[in-house]
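Me: Hey, I'm new to this one. Can you walk me through it?

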Amino acid sequence: PRSNEIGGIMGELTCFKSYDVRGQLGVNLDEEIAYRIGRAFAQAMTPATVVLGRDIRDSSAGLQAALSDGLRDEGVDVIDLGLCGTEEVYFATDHYDADGGLMVTASHNPIDYNGIKMVRSGARPISGEDGLAEIRALAEADAFGPARSPRGTVRAEDPRAAYAARVVSFVDPGVLRPLKILVNAGNGVAGPSFDVIAEALSDAGVPFTFTRHHHDPDGTFPNGIPNPLLPENRAQTASPIIEAGADMGVAWDGDFDRCFFFDETGAFIDGEYVVALLASAFLSKHPGDTIIYDPRVIWSTLDAIATGGGVAEPSRVGHSFIKAKMRKLDAVYGGEMSAHHYFRDFMYCDSGMIPWLLVAELMSRTGQPLSTLVAEMRAHFPSSGEINFKVTDADAAAAAFEAAYLAQAEGIDRIDGLSLDFGTWRVNVRQSNTEPVLRLNIETRGDKDLLQEKVEEISALIRSV
């Protein structure tokens, strides 16, 4: 392999992560590397046709063009979706029976970053040793030779109407009652896709009214990078909800594969309660079905699944693990507290548009405001939310936690990190895969004082290592 200042010494490509490609522009990602990834994807996956899409970042069009050139130089035909969301690439890969899909996006990363998300046929994930390592090795070797003849073709397609119909198919328009909904696209790519979904709802007679906020895509992100998970960003959605008198608020990240909820008071709904709400929504229609959940904060979700008569199955955190388990068990829904939600009838893929419709349908069926739907869960199962600690030695910090608490635990599992159940409270500690960070989640059975006590106690231990 030849040396490449951008890629790294002797062609090493540090933009490859566990599940996708992410990098800083001009540091470990550029158009030349995207071209190599396109050719590598073609050689590793041997596709005949591939779907390509991109987000609104200023660098995305150039990276998409380079990917397209690389694919076409290997004889692959390209279906160009242009500006779209990640889930639209998933949908189009299946819809057009393509052999793969690539989405140029950096989602919620800083402005000088970008990346590539990849799937194979049927929108099945590519990750780790399951294809991604081969793509990386081929891209690093950069030994592709001349372009094939004939070169692959490129054609533009717009499957958005069909995509919107699939999204709307998850709810029964006849039960949806009048709701005012504030939507915040964060100047990412959610706006145009949402508008087509809203039009499909209107055509079906759904009596929703929408207030659109930061709706137009803008690659300069004049209101900041859209990441509603950050507490400092939540007022951008909460304040307009109150001003509009909305029944609910929804905000998306840059490529809208994650959505975030706010109730009618502007209060943010923590992700574990959204998983529980969606579990309830599905089990009301599919009693006895299987729900996949992540093991960080679980009690509210397990309660909802038990109440709904469902089967609860845990999975490691991460889209490839959850999608694989959903396929294995034919689960109707899988949820992560980080706001990724996966659906059997959406190729087992994650969507940021389906969840808010299901929550609106649940509100319609119960006649209850969102704050009421969540209040009981918050009271019965208060949680800390995920607390991240930057540590010098993550292994040592995790070992210190285990040494201090393992022997006292009534229940232990190591599905992802270490989870310990003490009866009245429960804790999960996980290490980051990519940085020296320890992630802490604590929940209790209705005891906020105990929650605060354990957060302070374990935080002090981690910081002392």
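**Core and contacts**

Me: What is Phe-208 in contact with, leaving aside its neighbours within four places in sequence?
Reply: Phe-208 touches Leu-176, Arg-177, Leu-179, Ile-181, Leu-201, Trp-356, Leu-357 and Ala-360, where contact means heavy atoms within 4.5 Å. This is a predicted model: local features need pLDDT of at least 70, side-chain atom pairs count only at pLDDT 80 or more, and totals for chains, interfaces and linings use all residues. Residues are numbered from 1 along each chain as its sequence is written, and side-chain values use heavy atoms, with hydrogens and water left out.

Me: Which residues in the largest nonpolar core touch the most other members?
Reply: Ile-181, Phe-208, Trp-252, Met-353 and Trp-356, out of 64 residues. Helix 8 gives the largest share of this core, nine residues. A nonpolar core is a set of buried Ala, Val, Leu, Ile, Met, Phe, Trp, Tyr and Cys residues joined through side-chain atoms within 4.5 Å; buried means under 20% relative accessible area, exposed over 50%, partly exposed in between (1.4 Å probe, protein chains only).

Me: New topic: where is Glu-313?
Reply: Glu-313 sits in strand 13 (residues 311-314). Helices (H or I, at least four residues) and strands (E, at least two) are DSSP runs, numbered from the N terminus.

Me: Is Glu-313 buried or partly exposed?
Reply: Partly exposed, as its relative accessible area is 26%.
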